[in-house]
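Thanks for coming. I have one model to go through, so let me put it on the screen.

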Amino acid sequence: MNTQAQLTEDEEKIIISRVRSGDTQAFSHLVQRYQTPIYNLMVRMTRSNDTAYDLAQETFVRAFEKINAYDVSKAFFPWLYTLALNVGRGHLRKYRVENTQTHCFDEIQYEHEDPRHPENDYDRATDRHTLENALASLPEDMREALIMRYREEFSYQEIANVLDIGLSSAKMKIHRGLARLRSILTTEVSP
């Protein structure tokens, strides 16, 4: 199976079918594929690597326990992401953690990095830091909608499903989030 790269929907359905039939080891393919984005979500929500690790594990345990409730006619990752958001929100409610700062893009690997030109590293780090701060200033649901759309490449309908809002509300949340982000970034760049 193709676990390092993106799993196709057919591959995911085969894996889920195997898990539902009692092949518990098959679930490890889903964990390998999605552990990084789920962990990164938890880091953004909790600002703690240790807590993020625990919550990511909890998410996969819940996903395994609820795998029979998953609707195979829909994409798996948005379902898993919804579970993860609920686990993270539950943790934040339970411990009344304020979610005022996040580190949204710590895990990004720039595609065009060239070790022969290290002078570009500073500019990339500065841009990433500026973007992180701008995203952190957005409300959580708006920030997550933007991340789901532009980093996780969710469709508008998938975002609506994850956030439990209508399709037009999801589109508006992204539109308004982009406008706010653009405004924040323009203000930070202006002299």
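Start at isoleucine 38. Beyond its neighbours within four places in sequence, isoleucine 38 is in contact with Ala56, Thr59, Phe60, Phe77, Leu80, Tyr81 and Ala84, where contact means heavy atoms within 4.5 Å.

Before going on, the ground rules. This is a predicted model, in which local features need pLDDT of at least 70 and side-chain atom pairs count only at pLDDT 80 or more, while totals for chains, interfaces and linings use all residues. Residues are numbered from 1 along each chain as its sequence is written, and side-chain values use heavy atoms, with hydrogens and water left out.

Now the core. Ile38 is among the residues with the most contacts inside the largest nonpolar core, which has 46 residues. Such a core is a set of buried Ala, Val, Leu, Ile, Met, Phe, Trp, Tyr and Cys residues joined through side-chain atoms within 4.5 Å; buried is under 20% relative accessible area, with a 1.4 Å probe and protein chains only. Helix 4 gives the largest share, 10 residues. Helices here are DSSP runs of H or I, at least four residues, numbered from the N terminus.

Next, alanine 160, in helix 7. Alanine 160 is buried, at a relative accessible area of 1%. Not counting residues up to four places away in sequence, alanine 160 touches Ile165, Gly166, Leu167 and Ala170.

Last, confidence. The mean pLDDT of the protein chain is 80, on the predictor's per-residue scale from 0 to 100. Helix 3 (residues 49-65) is highest, with a mean of 95, and helix 5 (residues 119-136) lowest, at 66. Over residues 97-122 the pLDDT is below 50. Where pLDDT is low, predicted coordinates should not be read in detail.

Methods. Helices (H or I, at least four residues) and strands (E, at least two) are DSSP runs, numbered from the N terminus. Buried means under 20% relative accessible area, exposed over 50%, partly exposed in between (1.4 Å probe, protein chains only).
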